[in-house]
Amino acid sequence: MNRHTLLGLGGWLAAATLTTVASTWAVSLIGVHITGQDVRPMTLSEVERTLVSATGSPALARPASPWPGAATREFSYGEGSVVTACDADRAVLLSWSPAQGYGVGGVERGPAPAVSVQFASGGDRTTIRVTCLAGSPAATTHSTTSTTSE
């Protein structure tokens with residue numbers, strides 16, 4: 001490499017470094033003034049005090065039933081939960097939420113005589129099936145575990 005190339009490369013590196021340092025400094029100054037408060041991480045004791053003083057879980061709005069006056073019900077299991085509704089003998093899944101560590105393997109939302117959702121984690125599968133008995137949601141579960149030999 002010749003001398004001019006090395007000087008150009010050195011100048012470019014110096015300018016890039018100076019620009020990065022100046023930008024980081026400017027953002028750190030602006031960050032406090034954007035929110036109007038200094039944001040800092042909570043200490044362990046602050047987290048514990050906040051959790052102890054919490055009054056239950058936040059209120060979540062239940063999904064609206066597709067039929068006015070329909071019977072709704074929530075079913076919760078270790079694998080996840082579902083909210084369902086019935087109108088006579090037709091069921092519908094209003095919402096479903098897998099538990100931590102689980103995903104949704106398949107959904108039959110309805111409206112239909114029977115609806116279902118499958119929660120999966122690794123080789124474990126649990127299907128929650130909901131039907132309507134006398135106009136009210138009723139759930140059954142079926143779990144399977146697949147084992148593989150190596």
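This is a predicted model: local features need pLDDT of at least 70, side-chain atom pairs count only at pLDDT 80 or more; totals for chains, interfaces and linings use all residues.
Residues are numbered from 1 along each chain as its sequence is written, and side-chain values use heavy atoms, with hydrogens and water left out.

**View 1. The chain holds 2 helices and 7 strands.** Helices here are DSSP runs of H or I with at least four residues, and strands are runs of E with at least two, numbered from the N terminus. Of the 150 residues in the chain, 19% are buried (buried means under 20% relative accessible area, exposed over 50%, and partly exposed in between, with a 1.4 Å probe and protein chains only). The chain exposes about 10,800 Å², with 59% of this supplied by carbon and sulfur atoms (accessible areas come from the Shrake-Rupley method with a 1.4 Å probe, and for residues only the protein chains shown count as cover). Take the contacts between residues at least 6 apart in sequence: 25% of them join residues at least 24 apart (contact means heavy atoms within 4.5 Å).

**View 2. S1, S2 and S3 make an open sheet.** Two strands pair if DSSP finds at least two bridges between them. The 3 strands lie in the order S1-S2-S3, with antiparallel pairing. Strand S1 (71-77) and strand S3 (90-98) are at the edges with a single partner strand each, so one side of each has no neighbour in the sheet. From one strand to the next, the twist averages 20° (axes are lines fitted to C-alpha atoms, for helices over the stretch in contact, and angles run from 0 to 180 degrees between N-to-C directions). Look next at S2 (residues 80-87), which is joined to S3 by 8 bridges in the antiparallel sense. Ala85 has Val92 in S3 as its bridge partner.

**View 3. S4, S5, S6 and S7 make an open sheet of 4 strands.** Their order is S4-S5-S6-S7 and the pairing is antiparallel. S4 and strand S7 (136-145) are the edge strands, each pairing on one side only. Direction ignored, neighbouring strands of this sheet are turned by 15° against each other on average. S5 (residues 114-121) and S6 (residues 124-133) pair over 8 bridges.

**View 4. Two hairpins share strand S5.** S4 (residues 103-108) and S5 pair in the antiparallel sense over 5 bridges, and Val104 has Phe119 in S5 as its bridge partner. Their hairpin has 5 residues between the strands, and Gly110 in the turn has a positive phi of about 90°. The hairpin of S5 and S6 has 2 residues between the strands, and there Gly122 in the turn has a positive phi of about 60°.

**View 5. Asp89 sits in the loop between S2 and S3.** With a relative accessible area of 51%, Asp89 is exposed. Leaving aside residues up to four places away in sequence, Asp89 touches Ala112, Pro113 and Cys132. The C-alpha atoms of Asp89 and Pro113 are 5.9 Å apart, although 24 residues separate them along the chain.

**View 6. Arg90 and Asp87 meet in a salt bridge.** A salt bridge is a side-chain nitrogen of Lys or Arg within 4 Å of a carboxyl oxygen of Asp or Glu. By this rule the count is 1 salt bridge, and the N to O distance between Arg90 and Asp87 is 4.0 Å. Arg90 is partly exposed at 35% relative accessible area, and Asp87 is partly exposed at 33%.

**View 7. A nonpolar patch lies on the surface.** Met1, Leu6, Leu9, Trp12 and Leu13 form the patch and together have about 610 Å² of accessible area. Patches are made of residues with over 30% relative accessible area and no salt bridge, joining like charges within 9 Å and nonpolar side chains (Val, Leu, Ile, Met, Phe, Trp, Tyr) within 5 Å. Leu6 belongs to helix H1 (residues 3-35), and Leu6 is partly exposed, at 47% relative accessible area.
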